[in-house]
Amino acid sequence: MPLTVDRETILKFDTPGPRYTSYPTAPVWTDEVNGGLYANKLAIFGATDKTISLYIHIPFCESLCTYCGCNVVIRRKDSRFGDEYLDYLEREMELVYRFLGTRKKVCQLHWGGGTPTFLNEPQIERLYQMTRRYFDIDPNGEVALEIDPRTIDKSKIQKLRMLGFNRVSLGVQDFNEDVQRQVNRYQPYAMVEESMDWCRQLVFTSVNFDLIYGLPYQTLASFRQTIEKVIILHPDRIALYSFAYVPWHKRHQYKIDIELLPSNDVKLDIFLQARDQLLQAGYRAIAMDHFALAEDELARASEAGTLHRNFMGYTVKPVDECLGLGVSAIGFLENTYIQNQKALPHYCKALAQGRLPVERGKILSRDDQIRRWTINALMCRFAVDKVVFTQKFHVPFEAYFAKEQGHLRWCVDNELIDQNDTHIEVLELGKIFIRNVCMGFDLYLRQKNISVQFSRTV
């Protein structure tokens, strides 16, 4: 039976809150993390045998989608923009390699954006080969990138597959033409279908679709049709994201007429309907907002309790650390978050001066590490093993989280979780509102009012 949620429940849980791609969350990061500290962390890490996940950010897009919350730079299609950017990326790779002192093994490589397929084929080849020059890419690892169907053709996809990319994510968002035009991202169904056909012919290990619910002009009926078309195309994985309306962060979102957005209760109904459609079609619900076919390794990892989470989303790769390259890219190294300069001119200036282009970050305290582990367990496994917690941190769960017991009782009373002496298990309603469950473990939310900086949980 599909889960039904009434309006009273929606109003109870509809509050601003983080998405927890990191803990502590980005609003509390500071400039205490700079290039000098990062260089020291790289040297310490380089002396270990730990593996890495490597993220490379390509910021360029030819046009701006009004819903976008990513760090993007709008440029017309001109090869010189990509060439200049790759020059700076190579300088950053050289610096990182110098401080590491070795070619680190990369078990997971991901190109994100922006639009990585903004690059032409020679630039794609150049970026991949220069990455291999400074890093040891595992041929059996996860090599993935994000694709905008509007910037791809069969030759470019063949180039990517030949280089070793084995996973792709297509930005679909919605198939309804009225919605597409309203958010300035027109891409006909036939275009996505053709891209999907090429991916299947080239035998990519996994193809993901990114979808967004809560966009202007979306209705229950229109999004039902979008999901029906998605099911026909049969991607291996689906990321079904809630539209984050945060115009105070992304001013271009002010172009969206909020009267055209579905109300919060309709928005949640759209999600629940889509969730039911996907489950009926044989997809498994994976953690917070992902779905995968039962035979996909992400679904198997979810069932086995071995799912992991980083800035690239959910993954089956238990890599030790993450390095981020490119403007605004984020890494996690030696219990420290590091973010590069978010403005392209500042990023380029630092590298032109021979400096690591770091803007900010966060050194995790022991408390941060404990809460990060707990939140990740909830986000990835919908469960916390209190016995494992005690073994790992040498303190009983209830003793450490004494102040959180009231929140846990509230979660039990509201049928978000069930708990006993050894485990916390997230219930079906709690899976929908997992951000609300995690917020009770977020110490920084209690210290100052930063709620206006987050999107709403519904």
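**Ground rules.** I number residues from 1 along each chain as its sequence is written, and I leave hydrogens and water out, since side-chain values use heavy atoms. The model is predicted, and local features need pLDDT of at least 70, while side-chain atom pairs count only at pLDDT 80 or more and totals for chains, interfaces and linings use all residues.

**Entry 1: Lys 386.** I began with Lys 386, which I found in helix α13 (residues 386–393); helices here are DSSP runs of H or I with at least four residues, strands are runs of E with at least two, and both are numbered from the N terminus. Is Lys 386 buried or exposed? Its relative accessibility is 3%, so Lys 386 counts as buried, where buried means under 20% relative accessible area, exposed means over 50%, and partly exposed lies in between (1.4 Å probe, protein chains only).

I then looked for its polar contacts, meaning pairs of N or O atoms within 3.5 Å; within protein, one atom must be able to donate a hydrogen and the other to accept it, and residues adjacent in sequence count only if both atoms are side-chain atoms. The side chain of Lys 386 makes such a contact with that of Glu 398 at 2.6 Å, and another with the side chain of Gln 419 at 3.0 Å. Setting aside neighbours within four places in sequence, I listed the residues in contact with Lys 386 (heavy atoms within 4.5 Å), and among them are Phe 397, Asn 420, Asp 421 and His 423.

Entry 2: Next I traced an open sheet of 3 strands, in the order β17-β19-β18 and with antiparallel pairing; two strands pair if DSSP finds at least two bridges between them. The edge strands are β17 (383–385) and β18 (417–419), each pairing on one side only, and the twist averages 15° from one strand to the next. Between β18 and β19 (residues 423–426) I noted 3 bridges, and Asp 418 stands opposite Glu 425 in β19.

Which helices did I find on this sheet? Helix α13 lies across β17, β18 and β19 and runs at about 55° to β17, whereas α15 packs on the sheet, touches β18 and β19, and makes about 115° with the direction of β18. For these angles, axes are lines fitted to C-alpha atoms, for helices over the stretch in contact, and the angles run from 0 to 180 degrees between N-to-C directions.

**Entry 3: salt bridges.** Searching the whole structure, I recorded 25 salt bridges, each a side-chain nitrogen of Lys or Arg within 4 Å of a carboxyl oxygen of Asp or Glu. One of them joins Lys 50 and Glu 334 (3.5 Å, N to O). Lys 50 lies in the loop between α2 and β1 and Glu 334 in the loop between β14 and β15, so the pair ties together parts 284 residues apart in sequence. Lys 50 is partly exposed at 28% relative accessibility, while Glu 334 is buried at 18%.

I also looked up Glu 404 and Arg 446, whose closest N and O atoms are 2.2 Å apart. This pair links a loop between α14 and α15 with helix α18, 42 residues apart; Glu 404 is buried at 2% relative accessibility, but Arg 446 is partly exposed at 43%. Last, I noted a network of salt bridges linking Glu 142, Arg 167, Arg 237, Asp 296 and Glu 297.
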